[in-house]
Amino acid sequence: MKLKGLDIEVIAGPCSAESCEQLIATAKALSAIGVKAFRAGVWKPRTKPGGFEGVGEIALEWLQQVKSITGMSVFCEVATAEHLRAAVKSGIDGVWIGARTVANPFNVQALADALQELFAANPNLRQMPLLVKNPVNPDVELWCGAVERLKNAGASNIILVHRGFSSYTPPQYSKIQRYRNSPLWHIAIEMRRRYPSMRMLCDPSHIGGSRELIAPICRQAMELMFDGLMVESHIEPDKALSDSAQQVTPAQLEEILSHLDVRSNRAGAEILASLREQIDVLDGEILELLAKRMGISRQIGEIKRQNAMPVLQNERYSQLLNNRIEIAAQMGLNEEFAKELVELVHRYSVGVQMEDSEKSEESNPTSV
Ligand code: PEP
Ligand code: MN
């Protein structure tokens, strides 16, 4: 699965197999840029009924045509024992278990049982690459549980795939959420710690959900020393029947890959990612505290108003400022920084009290 000139594994291909022509055209273009492993969804798990649910078993034959024309190895998703048996029977080279399936232990166990039977009939199948995506929910134990079930069944070539985690607020409803599925790198890092000899790929397509995010996510994955990428690529992405917005053309994929810098200092990158996550958490806590402070400041404003007290009370402000600068200095923070920060917070706090007071004047004019 190694791509020429780039020492990582790349598996690429459309979200879904739509027609034999689409598969062959996409595969030829990907093969020409050096991709050796081709993916296409044959059965598609869709959130709601009525969407394109894949063409089914016929696509397994198309994948075999791709293999004989291009020499690429071919992969598809399996969600049930029937899918797995049909895919293996068709001569598939590897399969992936999708995020929704991994989230359900019954489904994973049913796949593991089917694998065990297939291995008994053909022990060579144990080496077949078995890609296990992270579950949709950010539960490292659930991901591990799936890996354990498959290992217990005798699978010896399990590859982990980080495809991001479903979040409460998808990007269309949020100003700060950019991703379709949040990349929680610390969970991927924890999986690496638990399974140091297992390879791990990043799926930037399902993380990003949109074309322009593929390159930056690939870069992050390289900084974190992922062993490779699983990328959705379609010969005509705008016409794709599923996940159109996140698919790139083979030429765009080539461009993205040509700019990737494969880092070698794994330890440093992992520590950095973990530190950045701590920073993210702390920033969230700081903002939460500021919001809480602002709420209390509003209550103070209300009391001042009811008691006809002025908003700005100079003595209190100068005491507060000096006290905070002193505490900050004791904590080793730069005094100038502390002063500016407290002044800013205070300025906005006064602003909020003034604003509230004006609003209440407008709704209850008291003076003549
Ligand atoms: C896919 O790879 O096409 C897919 C459905 O992925 P996931 O299970 O990650 O959503
Ligand atoms: Mn997809």
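Reader: Where does Met 225 lie?

Author: Met 225 lies in the loop between α9 and β9; helices (H or I, at least four residues) and strands (E, at least two) are DSSP runs, numbered from the N terminus. This is a predicted model, in which local features need pLDDT of at least 70 and side-chain atom pairs count only at pLDDT 80 or more, while totals for chains, interfaces and linings use all residues. Residues are numbered from 1 along each chain as its sequence is written, chains are lettered from A and ligands numbered from 1 in the order in which they are written, and side-chain values use heavy atoms, with hydrogens and water left out.

Reader: Why does Met 225 count as buried?

Author: Buried means under 20% relative accessible area, exposed over 50%, and partly exposed in between (1.4 Å probe, protein chains only). Met 225 has 12% relative accessibility, so it counts as buried.

Reader: What makes the phi of Met 225 worth noting?

Author: Most residues other than glycine have a negative phi. The phi of Met 225 is near 60°, a positive value in a residue other than glycine. Asp 243 also has a positive phi, near 50°. Asp 243 is placed in the loop between β9 and α10 (250–258), and its 18% relative accessibility makes it count as buried.

Reader: How many aromatic pairs are there, and why is the pair of Trp 185 and Phe 226 called edge-to-face?

Author: The rule for rings of Phe, Tyr and Trp (its six-membered ring) is that they pair if their centres lie within 6.5 Å; planes under 30 degrees apart count as stacked, over 60 as edge-to-face and the rest as tilted. By this rule the count is one aromatic pair. The ring centres of Trp 185 and Phe 226 are 5.6 Å apart and the planes stand at 75°, so the pair is edge-to-face. Trp 185 lies in helix α7 (residues 185–194) and Phe 226 in the loop between α9 (214–223) and β9 (228–232), so the pair ties together parts that are 41 residues apart in sequence. Both Trp 185 and Phe 226 are buried.

Reader: How do you know that Lys 67 and Asp 93 form a salt bridge?

Author: A salt bridge is a side-chain nitrogen of Lys or Arg within 4 Å of a carboxyl oxygen of Asp or Glu. The closest N and O atoms of Lys 67 and Asp 93 are 2.8 Å apart, and the two residues form a salt bridge. This pair links distant parts of the chain, 26 residues apart: Lys 67 is in helix α2 (residues 58–70) and Asp 93 in the loop between α3 and β5 (94–97). Lys 67 has a relative accessible area of 27%, so it is partly exposed. A search of the whole structure finds 17 salt bridges.

Reader: What can be said of Arg 193 and Glu 190?

Author: Their side chains meet in a salt bridge (2.8 Å, N to O). Arg 193 and Glu 190 both lie in helix α7, three residues apart, about one turn of the helix. Arg 193 has a relative accessible area of 57% and is therefore exposed, whereas Glu 190, at 22%, is partly exposed. Glu 141, Glu 190, Arg 193 and Arg 194 are linked in a network of salt bridges.

Reader: Why is Ala 87 called buried?

Author: Ala 87, found in helix α3 (residues 81–90), has 0% relative accessibility, so it counts as buried.
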